[in-house]
Amino acid sequence: MEEKLMEILNDLRPDVEFEKETELIDGGILDSFDIVSLVSELNSEFDIEINVLDLEPKNFNSAKAMLELIVKLQEEG
Amino acid sequence: MAFVSVEFLIFICIVCLAYFIMPAKGKWVVLLITSYVFYAFSSWKLLIFLLITTATTFLTGMQLGKISKNTKAYIATNKETLGREEKKLDREKQIQKKRRVVLLMVLLNLGILIFLKYFNFLAGNVNKLLGMAGGETQIPFLSLFLPLGISFYTLQAIGYVVDIYREKYEPDTNLAQFALFMSFFPQIIQGPIARYDHLAHQLYEPHAFDYDRVAKGAQLILWGFMKKLVLADRVAILVNQIFDNYMQYEGLVLFIGAIGYSLQIYGDFSGGMDIARGVSQILGIDLAINFDHPYFSRSLSEFWRRWHITLGGWMKDYVFYPLSLSKSFNKLGKKCRKIFGNYIGKKLPTFLAMFITFMLVGVWHGSSWKYIAYGFWNGGIISASILLESFYTKCSTVCKIDVESYGWKFIQMVRTFILATLGRFFSRALTCQIALYMFLHTFTSFNPWVLTDGTLMELGLKGVDYVLIFVMILILLVVGILQERGIHLRDSIAQQNILFRWFLYLGALFFVLLTGIYGPGYSATEFIYQQF
Amino acid sequence: MKKQQAVKAVSFILLFLIMFSLTSKVLIRCAEDENTLSRVYSMYHTERKNSWSGTIIGASTVYNGWIAPIAWHENGIALYPSSWPNMPFCLVLNVIKDVQKRQNTDFFVVDIRSIRSLTENYRDQYVRYVLDSMPMSLNRADAIERSLDVLEQLHGEGSVQDDKLSYYIPFFKYHSRWSDLEKSDYVKFRSEMKGALQVPKNAFASKKQKRGNLTEECTALNDLQAQYLMELLDYAKENDLRMLFISMPVARFDKGEQEVQNEAFRIIESYGYPVLNFNTEEMYAELELDFSTDYRDKRHLNSKGGKKFTVYLANYIKENFDLEDLRGREEYKDWDKAYETYEAFYADGWAQKELEEQEKAKQGEE
């Protein structure tokens, strides 16, 4: 799962070092278009439904946080 | 009551005095009363609308809170007996209930806003259509007035209700305090559009007098006055001359008019924001910033993240994300991918959502076709830039351009400034037709001689005025660059010795008092965003 | 707030107010001509306190026609002119009150002709000329209120051009002058000749004037004129002022002007105050006024005519009012000097004029 996520992220923004970054939202690295593209990718890839409430900086500031979100949403079903 | 007026300065003094004298428990009441007094001063007949919105928003919040509580209680008590499916169904019902309540509130308040603001525009267009179809009946125009700040507080209220719906925080249980959140006077005229979780507690908590904080707030107010009186109102003379007599001018002169308006609206709006933030800071309240050196933006999308930040933020959280992440858009996305392939298909729904968002931003500014055109202009360019992103990257690698160099950044800033400025034709010109005319005629003639043949001296400004405008631009540039590097100017100045500080403050005061455009013979141009 | 902070804040505000006041003084330009500026400046800043025998109040006819050094030389009365272009009549009382703050006199000569100002002639600027030089006081505040009130009554509601605050704090009107300042704003001219007209172009201009018709008919005053005249007379009565109302000699009146004036005289006389109407055939003869040499336009005397007028009025005042002859006193040396300066100015001016006339005649021949 982690590999797939990294693939999607790097495909979206090849210029960003997703392994290292922890301020993706707060630092303005990912903008709202990136978010939306990312969310639709994640939704279709991992069969989850990320909704607006989940778009907190804390869920998207790092690749690790995103992974946690995906796991949580998959569990909730 | 205009911000830039002696009455307002006196008003602030009274408010601050009352606030600091009042014991802690009653401080927020001072803010509430003075906010309503301020509102009554400007628009007491239309106060009813603010009251309606405040009341309905508050009640909706309470109702949503009740629904959530009831459901949680129900599930908690019946944890054992309810199966997973039943829990899900119950949650669904809860969401439906909440949706209905929110919809009711939004329809009512948005309805009021749309009616008061757009009725005549819509009526006019319907009449045109009817006329074309050969009909005789005409919808009469109504003499409608806009309550002060309705475009701002309505959005603020909707944001609050949606946040409660999303269970971001608990609803407010004190109507009087909530009324303060909705009416706080520094932001009622032209924002910033506040978020409840950021602003409300600040308003309700008492803040003691703090000399340094008060001094810094006063300095910020002075800075706002400087931007408005020295720069904005001065360039306005030139802008008015060109836009009111657009037929007489062409080419570069029209573009200069647009550039002038870019400067004017920045000085006016951000100056007003500084005054609002300065007043709030004196009272110990931190308002959200609305401007972050927008003309340093390197792309139009970045521009909209630095200009009128709270509006963009509101649109993002309550329009763009909900739209683009909604189920229907998801479905649309899948269909597009099938038809247009992966690359474009992925981006199309985002474009649509973004286009809709910018159209709303445009329309929010005013009821006229020119604002719709404004939305198109911004939406169109930003879409194009997203589509062409990979193309641009390829180009820059081929041309061996260093995208991190100062030179390239500078070019991007100039390009963005030009794009934003061209859009200004639509926000300043009287009608869409005039805007298009001016836009096109900017390009139909190339007349650089107007810069030196004396034309500039016939636009209402004298040589000394141009000098002052350039001085202000320079000051803004220097301040902007310093702040972009993270320097907090008021703090660093406060650390200098007293002679330097007083020289600076007195200098700034007299700079505004002497060169400001105010007093008999000059009419302080009303804040451009006030009639929203 | 700590004591140190309070001290800092108060000192900053004080420093600001001082700078504001100084800058104000430079920026304010309470007249468009240097003559009025210097006369008014001297009135407030260089004239000694309690040195005047009295003052003569009116519009431009007064400072054109009344030559204070000549009167001084005649019989030692120190009568300084308090006059501004087109002075609004409703401000006469305020000027009297203001003068009384600095001069311990109760003798006032008023040119009733300025009553014509309370008609459609009334303008903001004329009010500002008087008010912008006056130091702030309750009297000045009252003057502001009444002038604006009159303005609204005469020109309709909302006709006040300048906002009230800029009357109270003239800085707000004049602040944009910062880019147009000249030497005369920093270095204020003084009047060397006790307020006498010192502009050669006007003092030595002479234009033959057609005579108008004189009449003794009376027409009623309008409400404002009546109101302010009564107010003035009542105040004079209550405060035991010695008043003399005159009508300075003109070549021609505007339509209806003399009739209103005659009515005003009638009212004044009914109050028991003396009037001196210079606009009768007898008076013109007494002054030996020559309408081809003594006027620069239909209203204003030049210095030749002014001398005649001043000598007559000075002697009239001497005979009818008990004013001390102040000549010979150490402290009044400046008035003696003013007379010498004036005589030199007068002689030079007319000599120069002679030369110019001869030049013109020569050129005409060629």
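Trainee: How many helices and strands does chain C have?
Mentor: This is a predicted model. The secondary structure of chain C includes both kinds of element. The count comes to 16 helices and 5 strands.

Trainee: Why does the radius of gyration of chain C agree with a compact globule?
Mentor: Chain C has 366 residues.

Trainee: What share of the residues in chain C is buried?
Mentor: A residue counts as buried if 20 or more other C-beta atoms lie within 10 Å of its own. Among the 366 residues of chain C, the buried share is 39%.

Trainee: What share of the contacts in chain C joins residues at least 24 apart?
Mentor: Take the contacts between residues at least 6 apart in sequence. Of these, the share joining residues at least 24 apart is 84%.

Trainee: Which element gives the largest share of the side of chain C that touches chain B?
Mentor: The contact takes 17 residues from chain C and 13 residues from chain B. On the chain C side, helix 1 (3-27), helix 8 (164-168) and helix 9 (171-174) give two or more residues. The largest share, 6 residues, comes from helix 1 of chain C.

Trainee: Which element gives the largest share of the side of chain B that touches chain A?
Mentor: Here 13 residues come from chain B and 13 residues from chain A. Helix 12 (309-324) and helix 13 (327-365) of chain B give two or more residues to the chain B side. The largest share, 5 residues, comes from helix 12 of chain B.

Note on methods
Residues numbered from 1 in each chain as written. Chains lettered and ligands numbered in written order. Predicted model: local features only at pLDDT ≥ 70, side-chain atom pairs only at ≥ 80, totals over all residues. Helix = DSSP H or I, 4+ residues; strand = E, 2+ residues; numbered from the N terminus. Rg over C-alpha atoms; globule rule 2.2 N^0.38 Å. Buried ≥ 20, exposed ≤ 12 C-beta atoms within 10 Å, placed from the backbone. Contact = placed C-beta atoms within 7 Å.
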